[in-house]
Amino acid sequence: MNLKSLFGTVSLAVMLGGAASGAQAQIAIGHLEDLSGGTSDVGTPYGQGVKDTFAWINKNGGVGGKQLNVDSNDYGYQVPRAIALYKKWSAPDGKVAAIMGWGTADTEALTGFVAQDKIPDMSGSYAAALTDPEGTSGKAKAAPYNFFYGPTYSDALRAMLMWAAEDWKAKGKAGKPKFVHMGANHPYPNAPKAAGEALATELGFEVLPPLVFALSPGDYSAQCLSLKSAGANYAYLGNTAASNISVMKACKTAGVDVQFLGNVWGMDENGAKTAGDAADGIVFPLRTSVAWGGNAPGMKTVMEISKMSDPTGKVYRPVHYIAAVCSAMYMKEALDWAAKNGGTTGENVAKGFYQKKDWVPSGMDGVCNPSTWTDKDHRGTMKVDLYRARISGATDGDINDVMAKGTIKLEKVKTVELPRKADWFGW
């Protein structure tokens with residue numbers, strides 16, 4: 001071998017070694033998002049919030065000096081596609097440190113796998129069945145590697161029912177108020193159904209038979225006529241905003257006098273804009289302390305994160321985007337802890353969620369509600385902030401304009417601090 005070829009061989013070895021160390025200097029994250037399926041109306045802004053936050057983290061030094069290698073995939077809200085992606089992410093040669101997940105059906109399908117493989121999954125599903133890490137409740141299987149930011153679907157519905165019972169009395173109405181659960185026959189809308197109906201009965205409601213409507217927009221006049229004929233007073237909408245809008249519009253046309261209660265994905269500013277006056281008065285939970293443009297120190301961080309995909313700073317971000325930022329920032333700090341305590345293995349990242357009490361991620365003050373996860377209980381919060389959408393005029397035009405003019409408002413109704421009841425655990 002001559003000197004030239006020797007140097008070439010050494011250079012190649014150095015290059016290959018550099019490439020290998022570069023790959024090792026990244027932390028792999030799996031990211032499931034719905035941009036085209038049944039929940040894409042809310043999945044799109046949430047997914048963008050996750051991607052922007054991780055891009056911002058990388059821009060600002062990553063985690064422990066390493067960049068996050070985020071594999072974002074639109075799985076179309078299809079469980080088989082989620083499982084196929086999980087097989088890739090759990091393979092020994094490409095195992096991820098954590099997953100930012102999405103839907104209830106896929107998250108529950110993967111619960112046993114993430115526990116076995118020790119990969120934390122921070123989902124967009126808030127099903128109460130995901131909150132029991134040891135399976136001690138007797139109502140859900142052990143889910144030690146499942147996390148989410150915000151109250152469970154069940155606890156949010158419980159809070160709304162408590163408010164509804166007070167609302168009925170405040171209005172001086174006689175007799176029992178009538179409650180109905182509405183939504184697709186699907187794990188996500190059904191997740192809080194039993195818990196909600198049980199508390200409604202306990203609170204003195206007459207519980208009507210549930211009404212089914214699909215996750216996609218459609219003609220739901222029949223459901224509205226059923227609401228009217230049954231005399232329903234309070235109706236829980238368990239789907240995302242897109243199909244809920246169809247119900248609210250149809251019921252407005254049919255002259256149905258009912259107080260709608262939405263789940264956290266059931267209404268947002270874009271939904272209110274599309275629904276117009278049909279959405280006026282719907283009560284729903286907010287996961288963050290403020291909405292877009294709110295006056296909180298942490299909004300400065302959120303605005304900087306938003307610029308990762310909107311350098312102009314002019315795009316209005318709905319409530320789901322901000323909730324995604326909070327979720328990703330909690331994951332970031334769990335990764336930070338792991339990096340300093342044995343490395344970013346999934347097992348260490350999960351332990352990172354247990355290190356703080358009443359925890360707000362750095363730079364997110366006044367935006368993310370304080371959360372506490374323990375190895376015995378993954379209910380991050382028992383506080384539920386209830387808001388009401390108010391529509392006071394035409395909502396066509398730019399979302400920034402209608403929000404700035406106050407044509408659409410999200411008004412705080414009440415904060416409900418729920419007891420951490422053992423019999424509410426896991427359902």
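User: How many disulfides does the rule give here, and what is the rule?

Analyst: A disulfide is a pair of cysteine sulfur atoms within 2.5 Å. By that rule the count is two disulfides. This is a predicted model, where local features need pLDDT of at least 70, side-chain atom pairs count only at pLDDT 80 or more, and totals for chains, interfaces and linings use all residues. Residues are numbered from 1 along each chain as its sequence is written, and side-chain values use heavy atoms, with hydrogens and water left out.

User: Which residue is joined to Cys-224, and where do the two lie?

Analyst: Cys-224 is bonded to Cys-251, S to S 2.1 Å. Cys-224 sits in helix α8 (residues 221-230) and Cys-251 in helix α9 (residues 241-253), so the bond ties together parts 27 residues apart in sequence. Helices (H or I, at least four residues) and strands (E, at least two) are DSSP runs, numbered from the N terminus. The S-S torsion of Cys-224 and Cys-251 is about -95°, so this disulfide is left-handed.

User: What about Cys-326 and Cys-368?

Analyst: Their sulfur atoms are 2.1 Å apart, forming a disulfide. It links distant parts of the chain: Cys-326 is in helix α12 (residues 319-340), while Cys-368 is in the loop between α13 (346-352) and β12 (383-391), 42 residues apart. The torsion about the S-S bond of Cys-326 and Cys-368 is about -100°, so the disulfide is left-handed.

User: Are Cys-326 and Cys-368 buried or exposed?

Analyst: Buried means under 20% relative accessible area, exposed over 50%, partly exposed in between (1.4 Å probe, protein chains only). Both Cys-326 and Cys-368 are buried. Cys-224 and Cys-251 are buried too.

User: In what order do the strands of the open sheet run?

Analyst: Two strands pair if DSSP finds at least two bridges between them. Five strands make an open sheet, ordered β2-β1-β3-β4-β5, with parallel pairing. β2 (67-74) and β5 (146-147) are at the edges with a single partner strand each, so one side of each has no neighbour in the sheet. Eight bridges join β1 (residues 26-33) to β2. Ile-27 stands opposite Leu-68 in β2.

User: What does the radius of gyration say about the protein chain?

Analyst: The radius is taken over C-alpha atoms, and the globule rule is 2.2 Å times the number of residues to the power 0.38. For 427 residues, a compact globule would have a radius near 22 Å; the protein chain has 23 Å, which agrees. Its C-alpha trace spans about 95 × 50 × 35 Å along the principal axes. Of the 427 residues, 54% count as buried.
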